[in-house]
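Subject: Structure handover

Hello,

Here is the structure for your files. Please look it over first; my notes follow below.

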Amino acid sequence: MSDMRELYQDVILDHHKHPRNFGRLANANRRAEGFNPLCGDRVTVYAHIDGSAIRDLSFEGSGCAICMASASVMTDSLMGKSVDEADRLFVEFHDLVTGESAQTPDLDALGKLAVFMGVREFPVRVKCATLPWHALRAALKDSEKAVTTE
Amino acid sequence: MTRITKPALDVVSIRSDFPILEQEVHGKPLVYLDNAATSQKPRPVIDAISRFYANTNANVHRGVHTLSVRSTELYEGAREKSRAFVNAAEAAEIVFVRGTTEAINLVANSFGAARVRAGDEVVISAMEHHSNIVPWQMLCQRSGAKLRVIPIDRHGEIKLDEYRKLLNERTRIVAVSHVSNSLGTVNPVDEIISLAHERGVPVLIDGAQAVPHFRVDVRALDADFYAFSGHKMFGPTGAGVLYARKSLLESLPPYQGGGDMIASVTFEKTTYNVLPHRFEAGTPDIAAVVGLGAAIDYVHALGYDAIESYENELVAYAVDALSRVPGVTLVGTPTHRVGVVSFTVEGVHPHDAGMILDHEGIAIRAGHHCTQPVMDFFEVPATNRASFAFYNTRAEVDRLVAALAKVREVFGS
Ligand SMILES: Cc1ncc(COP(=O)(O)O)c(C=O)c1O
């Protein structure tokens with residue numbers, strides 16, 4: 001069970017139970033949906049972008065704890081950041097959860113996002129954690145198309 | 001008078017026939033409760049396949065040489081076993097296919113091309129597996145026919161009165177499952193068939209989840225088509241059966257073209273082979289068919305009476321035990337159930353539950369089980385599904401229940 005708690009950290013369980021920034025964003029000017037046909041996880045990310053700044057972010061959807069918590073922590077972490085910073089954090093986060101990069105993750109830059117480190121031990125769950133990020137990236141590129149993890 | 005008691009199943013000895021069940025997963029003895037997805041294979045099936053490749057392998061129906069003759073004998077022997085297995089009148093009514101999916105596609109294509117036109121109707125139920133939905137949808141798109149869906153109720157049972165109303169002079173075929181793979185419901189297929197026959201409408205029964213659990217008699221049911229997969233009934237993947245009433249099968253055009261399904265070919269004209277070979281184009285999965293024959297022998301040796309009474313008791317125990325777990329809600333509460341128990345755990349997505357259970361050595365399925373319309377009906381994104389075979393035990397149900405407490409512990413609920 002101990003390795004299960006490494007995946008399901010308290011912060012993750014807390015964000016799963018009490019998702020932050022959950023719901024439709026009234027003043028959103030970007031929106032994208034992510035869908036994982038394998039397990040049915042579904043996330044819609046809303047963003048209010050002003051020039052290169054992310055002024056506001058929210059999400060809606062349903063899915064497993066990892067996916068919902070990832071969306072919640074992501075929206076919390078990126079609020080007020082620039083689009084470029086979001087791109088950089090996406091790469092950091094991707095490396096963090098896949099464990100693919102040779103470099104050790106930049107835990108300072110990642111901040112609270114680092115709680116998803118345990119995901120790398122469970123390759124089948126990587127898509128759960130990254131789905132909201134793929135939706136966000138699609139939203140920032142202003143592509144209205146739903147993204148899927150397949 | 002001495003009373004003769006039915007032989008009960010010796011589950012300890014049965015389990016030793018299944019080598020895969022001996023292993024540990026994450027340091028715990030494997031509890032395999034994903035039988036509805038695919039069952040495990042007993043030693044006699046595994047041996048039949050390796051013996052075939054070691055001693056007999058040759059193509060079927062193609063050669064005068066000894067191995068080809070032996071291979072053909074084994075292949076056709078499995079056809080005869082399959083005939084007896086579902087009590088078909090003739091071996092010519094048994095078409096070997098890859099599985100249930102291919103069987104349904106064969107009927108949707110061949111029967112569809114011959115009999116279904118624009119404005120006609122195809123009737124299915126709301127609890128079908130995607131493989132008994134999509135081929136009919138494709139047929140409807142091609143032909144301009146309409147798909148009509150029999151609704152289900154809150155227990156997960158077909159609404160027979162609604163079914164009666166759906167049948168009309170435009171109905172060309174009815175296709176329903178014998179047993180639902182996501183709810184475990186055993187449908188009243190005898191009644192469904194006789195109502196359709198009153199109007200002269202043929203019926204296809206998807207028996208994928210039925211044959212692993214109880215005896216099927218296609219003549220007693222009066223089924224026109226009956227489809228099942230070998231891999232869900234202790235045989236290998238790659239071989240399944242389409243039973244088709246001979247008078248119907250004779251009237252249908254071939255499904256695929258190729259070798260083996262022809263009598264003669266010139267560039268001007270091809271004449272087709274006799275039944276059932278007309279529907280088996282190309283080299284089949286011979287070893288898998290041989291393995292399917294061995295699986296049928298294995299099930300017969302245990303006996304369906306013993307299997308049924310053991311499983312009924314086991315599944316009733318599981319239903320009772322699971323419904324007592326705090327936070328667990330059963331999805332589907334049919335009166336007549338076999339094999340499958342679907343449930344949700346409050347506040348825990350099935351994906352998370354399935355993973356924590358896996359860490360306890362327990363294999364269940366988490367997802368929509370290829371029945372998205374059923375999930376929509378019950379307004380859940382997915383369920384946890386425990387599905388049973390005759391090698392499962394009460395102790396394994398207890399392990400599942402104990403592991404569900406751990407799920408709630410991790411989630412602090
Ligand atoms: C009721 C039902 N029908 C059809 C199928 C499809 O079977 P197969 O994948 O073996 O073709 C399944 C298996 O998942 C099933 O449970």
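A salt bridge, as used here, is a side-chain nitrogen of Lys or Arg within 4 Å of a carboxyl oxygen of Asp or Glu. By that rule, B:Arg15 and B:Glu396 form one through their side chains, at 3.2 Å from N to O. More on that pair below.

Conventions. This is a predicted model, in which local features need pLDDT of at least 70, side-chain atom pairs count only at pLDDT 80 or more, and totals for chains, interfaces and linings use all residues. Residues are numbered from 1 along each chain as its sequence is written, chains are lettered from A and ligands numbered from 1 in the order in which they are written, and side-chain values use heavy atoms, with hydrogens and water left out.

Confidence. The model has ipTM 0.88 and pTM 0.93. pLDDT is the predictor's confidence in each residue, from 0 to 100. Chain B averages 96, and 98% of its residues reach 70 or more. Where pLDDT is low, the predicted coordinates should not be read in detail.

Salt bridges in chain B. The whole structure holds 28 salt bridges over all chains. Helices (H or I, at least four residues) and strands (E, at least two) are DSSP runs, numbered from the N terminus. B:Arg15 sits in helix α1 (residues 11–16) of chain B and B:Glu396 in helix α14 (residues 394–410) of chain B, so their pair ties together parts 381 residues apart in sequence. Both B:Arg15 and B:Glu396 are buried. Buried means under 20% relative accessible area, exposed over 50%, and partly exposed in between (1.4 Å probe, protein chains only).

A further pair is B:Glu280 with B:Arg79, at 2.8 Å from N to O. B:Glu280 is in the loop between β12 (270–272) and α10 (286–302) of chain B, and B:Arg79 is in helix α3 (residues 66–86) of chain B, so this bridge ties together parts 201 residues apart in sequence. B:Glu280 and B:Arg79 are buried.

B:Lys81 and B:Asp297 also meet in a salt bridge, at 2.8 Å from N to O. B:Lys81 belongs to helix α3 of chain B and B:Asp297 to helix α10 of chain B, so the parts tied together are 216 residues apart in sequence. B:Lys81 is partly exposed, with a relative accessible area of 32%. B:Asp297 is partly exposed too, at 36%. Salt bridges with shared partners also join B:Glu121, B:Arg148, B:Glu169 and B:Arg170 into one network.

A sheet in chain B. Two strands pair if DSSP finds at least two bridges between them. In chain B, 4 strands make an open antiparallel sheet, in the order β13-β14-β17-β16. β13 (328–331) and β16 (365–367) of chain B are at the edges with a single partner strand each, so one side of each has no neighbour in the sheet. Neighbouring strands are turned by 35° against each other on average, direction ignored. Axes are lines fitted to C-alpha atoms, for helices over the stretch in contact, and angles run from 0 to 180 degrees between N-to-C directions.

Within the sheet, β14 (residues 340–345) and β17 (residues 383–387) of chain B pair antiparallel over 4 bridges. B:Val341 has B:Ala386 as its bridge partner in β17(B). Helix α12 (residues 350–359) of chain B packs on the sheet and touches β16 and β17 of chain B, and its direction makes about 40° with that of β17(B). Contact here means heavy atoms within 4.5 Å.

Chain A. Chain A has 6 helices and 4 strands. From the N terminus on, its elements run α-α-β-β-β-α-α-α-α-β. The C-alpha trace spans about 45 × 30 × 30 Å along its principal axes. Of the 150 residues of chain A, 48% count as buried.

Strands β2 (residues 41–50) and β3 (residues 53–62) of chain A run antiparallel, joined by 9 bridges. A:His48 has A:Asp56 as its bridge partner in β3(A). Their hairpin has 2 residues between the strands, and A:Gly51 there takes a positive phi near 65°.

Last, A:Ser72. This residue lies in helix α3 (residues 65–78) of chain A. A:Ser72 is buried, with a relative accessible area of 0%. Among the residues that A:Ser72 touches are A:His15, A:Pro19 and A:Phe59.

Best wishes

Notes:
Lists of a residue's contacts leave out its neighbours within four places in sequence.
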